[in-house]
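This report describes how the parts of one protein chain are put together, for a reader who has the sequence and the coordinates at hand.

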Amino acid sequence: MASEKAKALAAQQKAERKAEKLRKKNSDDPRDWGRFRQIIEAYKRTNEVDPQLKWWTVAAVAGPVLISIGVGLWLQPWWLWLITGVMLALVLVMYVLTWRVKQANFKRYEGQAGSAEVAFQLLNKRKWSYELGIAATRQMDVVHRVIGRPGIVLVAEGNPARARALLATETKKHEQVAYGIAVTTVLVGRDQGQVSLENLQKHIEKLPNVLQPHQITEVKQRLRALDAMRPKIPVPRGPMPTMKGVNRAMRGR
């Protein structure tokens, strides 16, 4: 009897594993994909907006391999140099793909509401936290909030005139709630006085540190009361899925 139950349980577990494997195979969620599929999907989606990607990839592969063959014919054994060249080519291909994925994300979403999330996702999550669309106009000019050692950073997207007015309003609200805490404003764009989407991450990270880690927790607690009075704004989610670890690579770690 016990043996039959054990067999039934083993069969059930096997069926569940098979069903889960099939679900992941047909899933559109990047978190369910394997590393190889994530790389392929990242390549395909990047190639849609960056036709030069294939040429960069060819150069990344051919360069190290050809150089290693040339060196191998001069310094034996040639096959050892060829293996070294192939390994270098793989590393270089991953670097090129990471770089072009990042640029393609900026190009794909620049100018859209919520595009700042492309840059926010590259921030170190242990040092920074962010909230999308804490305030917006009917024309979808939006303000996002980033919190870290530099204090509160309000980032606005949209029409410059409306976005600046919205930033001014939000700055006053935040200064009243988080009194004594620095509030920095950033307007995303390419005009004078604005910060481009591709430079947003670095601009935020270069802001001077004014808070200690325990003060960041206090700031977040103060802002909960302000957030509780707001309706939730449906801001479009921007960044496309990428392979595991690609965001860490983008941050340079």
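At roughly what angle do the axes of helix 2 and helix 3 cross? In this model, which is predicted rather than determined by experiment, the axes of helix 2 and helix 3 cross at roughly 125 degrees and come within 9 Å. An angle over 145 degrees would count as roughly antiparallel and one from 65 to 115 degrees as roughly perpendicular; helix 2 and helix 3 are therefore oblique to each other. Helix 2 contributes Tyr43, Thr46 and Asn47 to the contact, and helix 3 contributes Leu53, Lys54 and Thr57. By class, the residues of this contact divide into two nonpolar, three polar and one charged.

**The chain as a whole**

The protein chain holds nine helices and four strands, and their order along the sequence is α-α-α-α-α-β-β-β-α-β-α-α-α. Of its 253 residues, 38% are buried. Where contacts join residues at least 6 apart in sequence, 63% of them link residues at least 24 apart.

| Helix pair | Axes come within | Axes cross at roughly |
|---|---|---|
| helix 2 and helix 3 | 9 Å | 125 degrees |
| helix 2 and helix 4 | 9 Å | 50 degrees |
| helix 3 and helix 4 | 8 Å | 160 degrees |

With its crossing at roughly 160 degrees, helix 3 is roughly antiparallel to helix 4. The crossing of this pair is right-handed, and the residues of the contact are made up of 20 nonpolar, four polar and one charged.

Helix 2 and helix 4, whose axes cross at roughly 50 degrees, are therefore oblique to each other, and their crossing is left-handed. On the side of helix 2 the contact is made by Ile39, Ala42, Tyr43, Arg45, Thr46, Glu48 and Val49, while helix 4 supplies Met94, Leu97, Arg100, Val101, Ala104, Lys107 and Arg108. Sorted by class, the contact of helix 2 with helix 4 has eight nonpolar, one polar and five charged residues.

Within helix 3 lies Leu66, a residue that is exposed, with a relative accessible area of 60%. Its C-alpha atom is 9.6 Å from that of Val86, a residue 20 places away in sequence.

**The buried face of helix 7**

Which residues of helix 7 are buried? In this helix, which spans residues 197-205, they are Leu197, Leu200, Gln201 and Ile204. Seen down the helix axis, these buried residues fall within an arc of 90 degrees, so they line one face of helix 7. An α-helix has 3.6 residues a turn, so residues three or four places apart point the same way. The buried residues of helix 7 pack against helix 4 and helix 5, and also against strand 2, strand 3 and strand 4.

Ala156 is a residue of strand 3, and it is buried, with a relative accessible area of 0%. Its contacts, leaving aside neighbours within four places in sequence, are Val142, Val143, Ala163, Leu167, Val186, Leu187 and Val188. Of these, Leu187 is 31 residues away along the chain, yet the C-alpha atoms of Ala156 and Leu187 are separated by 4.9 Å.

Pro150 lies in the loop between strand 2 and strand 3 and counts as buried at 3% relative accessibility. Not counting residues up to four places away in sequence, Pro150 touches Trp128, Ala182, Ile204, Leu207, Pro208, Asn209 and Val210; among these, Ile204 is one of the buried residues of helix 7. The C-alpha atoms of Pro150 and Ile181 are 9.2 Å apart in space, although the two residues are 31 apart in sequence.

Is Met140, by contrast, buried or partly exposed? Met140, found in the loop between strand 1 and strand 2, is partly exposed, with a relative accessible area of 32%.

Notes
Residues are numbered from 1 along each chain as its sequence is written. This is a predicted model: local features need pLDDT of at least 70, side-chain atom pairs count only at pLDDT 80 or more; totals for chains, interfaces and linings use all residues. Side-chain values use heavy atoms; hydrogens and water are left out. Buried means under 20% relative accessible area, exposed over 50%, partly exposed in between (1.4 Å probe, protein chains only). Helices (H or I, at least four residues) and strands (E, at least two) are DSSP runs, numbered from the N terminus. The arc is that of the directions from the helix axis to the C-beta atoms. Contact means heavy atoms within 4.5 Å. Axes are lines fitted to C-alpha atoms, for helices over the stretch in contact, and angles run from 0 to 180 degrees between N-to-C directions. Angles under 35 degrees count as roughly parallel, over 145 as roughly antiparallel, 65 to 115 as roughly perpendicular and the rest as oblique. A crossing is left-handed if the near helix is turned anticlockwise from the far one by less than a right angle, and right-handed if clockwise. Ala, Val, Leu, Ile, Met, Phe, Trp, Tyr, Cys and Pro count as nonpolar, Asp, Glu, Lys and Arg as charged, and the others, Gly among them, as polar.
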